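Please read the points below beside the sequence and the structure.

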Amino acid sequence: MRKLICILLFALVLTPVCRSKVPVNYKLRVVGEYNHDVKAYTQGLFFDGGVLYESTGQWGESSFRKVDLASGKVLERLQFGRKYFVEGSVMLGGELFVLTWTNKVAFVYGAGDLKYRKTYSYPREGWGLTTDGRSLIASDGSSKLYFMDTHFALERSVNVTMNGRPVRYLNELEWIDGKVWANIYMTDVIVIINPSDGVVEAVINCEGLLPDSLRKADTDVLNGIACLDGRIFLTGKNWPRMYEVKLVH
């Protein structure tokens, strides 16, 4: 993993092209630590109304959860059928939106009661999902971000680039202070993206966030970004911990 991160940072950060802006590089400082369900294959993570929510994947195990931040306890859970592999999720305008990976459908629930409302056909693979408060913003594992209305109609898309090169494998997303934060799948890297032009303005090296002593055979990759009143929280798939972090140069 360390070799993969070094290759990514060298290729995308240390070799600028033409007039492209070189992104700022950050590391992390952990300021808080919380329990996280090791059976949660985290796909989406966000706060709404001060409450933590999480969508989890895997065939036959996919769910959407309301979670107590302090203890990591699941307070409420929606379980999905065995044929669905759930991905990113977000709330907007009183509704909960949930993507699926390859099922070509997206689900809508009531944000307050988590009751099913409708299903939409979805034309791409579902990966990450967030919102700027007006549009839904989604990734599909490529270098694109898709901006959609609440009926999943495409409004626009943007190509994400770093030093003039496309940044692929954009995964879980979070809207923070007017920027899109995105996990790069299979790495310990998060990028901060300008939503207007897709340019990566900063790179966060999260290597070592989960110590080796807490890793088990089924511990998977970093994935899960949430923000609460300026506080940043990160976790990963089947991680036993969620961390509150601050960025440092």
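1. Ser89 is buried, with a relative accessible area of 1%; buried means under 20%, exposed over 50% and partly exposed in between, with a 1.4 Å probe and protein chains only. The model is predicted: local features need pLDDT of at least 70, side-chain atom pairs count only at pLDDT 80 or more, and totals for chains, interfaces and linings use all residues. Residues are numbered from 1 along each chain as its sequence is written, and side-chain values use heavy atoms, with hydrogens and water left out.

2. Residues touching Ser89 include Gly44, Phe46, Phe64, Leu96 and Leu129, with residues up to four places away in sequence not counted. Contact here means heavy atoms within 4.5 Å.

3. The side chains of Ser89 and Ser55 are joined by a polar contact of 2.9 Å. Such a contact is a pair of N or O atoms within 3.5 Å; within protein, one must be able to donate a hydrogen and the other to accept it, and residues adjacent in sequence count only if both atoms are side-chain atoms.

4. Ser89 lies in strand 6. Strands are DSSP runs (E, at least two residues), numbered from the N terminus. Strands 6-7-8-9, in that order, form an open sheet with antiparallel pairing; two strands pair if DSSP finds at least two bridges between them. Strand 6 (86–92) and strand 9 (116–121) are at the edges with a single partner strand each, so one side of each has no neighbour in the sheet.

5. Strand 8 (residues 105–110) and strand 9 run antiparallel and are joined by five bridges. Phe107 is opposite Thr119 in strand 9.

Methods: Helix = DSSP H or I, 4+ residues; strand = E, 2+ residues; numbered from the N terminus.
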